[in-house]
Amino acid sequence: MTDARMTDAHRDDAGSPRTHVRWMWLMIALHMLVPTLATIQRLARGGKINNFLIFRSSYYHLISGADLYAAYPLEHWDFYKYSPTWALLFAPFAALPIPAGLLLWNLLNAASLAVVIGLLLPARAAAWALLIVFFEALGATQNAQSNGLAAALMIGAFIAAEHSRFAVGGWAIAAGTSIKLFPISAGIFGLLSPERVKHVVWCVITGVTLLALPLFVTPLDTLIAQYRSWGAIGARDTLSFGQMWIGGIVETYRGALIPHAPIQAFGLVWVLGSSWYAARAWHEPVVRRLVLATVLGFATIFNHKGESPTYVIAFAGIGVWWSVLPRARWRDALVLLAFVVGSLGGTELMSRAYRTTYHQGWQLKALTTTLAWIGLQWDLWRYVRRASVHRA
């Protein structure tokens with residue numbers, strides 16, 4: 001029996017398939033309903049929706065030729081830090097009245113992540129994964145962030161690669177990268193496919209298309225200037241101190257800024273090496289999903305601009321990791337630690353004093369997520385070795 005069949009048998013041994021499907025759909029419904037209610041509540045109370053205002057304003061700045069990356073304190077606080085393409089793609093939400101646009105934007109983020117997890121995993125495993133990522137997904141939508149959509153696009157690229165739908169995967173990777181740079185790491189899934197040339201071709205086609213897409217609403221020289229401004233603000237961001245990532249953990253406890261590039265280079269080399277090693281067992285669905293979980297974690301804990309809403313990406317990976325493998329006490333303990341201390345510990349279920357002093361001050365979300373990711377690496381290498389021996 002292969003690892004994949006062993007896992008399916010283990011995960012589907014309790015209850016009927018219909019029960020599993022009902023639980024999955026219940027979790028998908030919760031992922032869509034609770035953020036929607038939270039958005040309505042925030043609008044009713046006049047809560048801050050700064051991130052949505054940044055996205056919304058960026059579209060109007062783009063079409064008017066204004067610098068996307070300048071300060072606009074009368075419209076919102078903080079800077080726009082995404083691509084010119086994303087400013088254009090946000091047009092359908094920007095064109096609507098703010099309440100309707102915000103509601104649909106948050107619903108898109110919540111629904112897209114829930115649905116792709118449902119497509120990726122068997123029903124029972126999907127229900128568990130959706131539970132593990134639930135509070136992170138809610139937190140991301142409460143902040144009107146794009147991280148849920150970014151995670152969904154990365155998982156969508158993986159599903160497309162599994163089914164040799166390289167055009168779909170190319171669009172998913174290009175769209176994700178237009179939001180944040182780290183989703184480009186999802187391109188590794190197609191590179192592990194036997195049809196990797198088609199994958200590369202489609203990535204180039206879709207990438208160039210989306211880079212040039214703003215030319216429909218802005219002149220070439222203005223677009224070039226926008227990309228220069230984007231690069232300049234990105235360069236300034238590399239100097240950020242104490243963000244929620246592996247380097248931020250070191251900075252927090254050391255009390256000083258450290259070089260970011262060596263840490264990120266190590267993470268990239270590790271992920272590439274692990275994926276190359278996993279290629280020998282790419283015929284195993286479990287191994288493929290562990291690589292997916294590895295990349296989702298990498299895109300978070302090695303992101304020097306990581307913040308709490310970013311962790312919906314990593315927790316999607318933790319959910320995939322835990323739900324596709326048989327029970328093990330050490331794995332259960334790591335996932336429970338990440339879920340309770342890292343995820344729940346950052347919600348309003350805990351006091352503000354605890355969140356400020358311990359959860360944020362001690363980098364508990366980044367710490368527990370990193371520990372879980374290390375455990376995931378142990379499982380990935382172990383399952384690849386086991387699958388290779390069985391196949392031999």
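**Helix packing and core contacts in the predicted model**

Helices H7 and H17 are roughly parallel to each other, a class that covers angles under 35 degrees, whereas angles over 145 count as roughly antiparallel, 65 to 115 as roughly perpendicular and the rest as oblique. H7 spans residues 123-142 and H17 residues 329-343, and the two pack at an angle of about 20 degrees with their axes 10 Å apart. Helices (H or I, at least four residues) are DSSP runs numbered from the N terminus, as are strands (E, at least two). Axes are lines fitted to C-alpha atoms, for helices over the stretch in contact, and angles run from 0 to 180 degrees between N-to-C directions. The structure is a predicted model, in which local features need pLDDT of at least 70 and side-chain atom pairs count only at pLDDT 80 or more, while totals for chains, interfaces and linings use all residues. Residues are numbered from 1 along each chain as its sequence is written, and side-chain values use heavy atoms, with hydrogens and water left out.

The crossing of H7 and H17 is left-handed; this term applies if the near helix is turned anticlockwise from the far one by less than a right angle, and right-handed applies if clockwise. Leu131, Ile132, Phe135 and Glu136 of H7 make the contact with Val335, Phe339, Gly342 and Ser343 of H17, where contact means heavy atoms within 4.5 Å. By class, five nonpolar, two polar and one charged residues take part in the contact of H7 with H17. Here Ala, Val, Leu, Ile, Met, Phe, Trp, Tyr, Cys and Pro count as nonpolar, Asp, Glu, Lys and Arg as charged, and the others, Gly among them, as polar.

With H8 (residues 147-162), H9 (residues 166-179) forms a crossing at roughly 160 degrees, the axes coming within 8 Å. That angle makes H8 roughly antiparallel to H9. H8 passes H9 in a left-handed crossing, and the residues involved include Leu149 and Leu153 of H8 and Ala172 and Ile173 of H9. The contact of H8 with H9 contains nine nonpolar, two polar and no charged residues.

H9 also packs with H11 (residues 196-212), at an angle of about 45 degrees and with the axes 8 Å apart. H9 and H11 are therefore oblique to each other, and the crossing is right-handed. Residues that meet there include Phe166 and Trp171 in H9 and Lys198, Trp202 and Leu210 in H11. The contact of H9 with H11 divides into nine nonpolar, five polar and one charged residues.

The largest nonpolar core has 109 residues, and Leu113, Ile155 and Trp321 have the most contacts inside it. Such a core is a set of buried Ala, Val, Leu, Ile, Met, Phe, Trp, Tyr and Cys residues joined through side-chain atoms within 4.5 Å. Beyond residues up to four places away in sequence, Leu113 touches Val133, Ala137, Gly148, Ala151, Ala152, Ile155, Val312 and Ala316.

Pro84 lies in helix H4 (residues 84-89) and is buried, with a relative accessible area of 0%; buried means under 20%, exposed over 50% and partly exposed in between (1.4 Å probe, protein chains only). With neighbours within four places in sequence set aside, the contacts of Pro84 include Leu62, Tyr69, Leu223, Tyr227 and Trp230. Pro84 and Leu210 are 126 residues apart in sequence, and their C-alpha atoms are 9.4 Å apart. The C-alpha atoms of Tyr227 and Phe135 are separated by 35 Å, the two residues being 92 apart along the chain.
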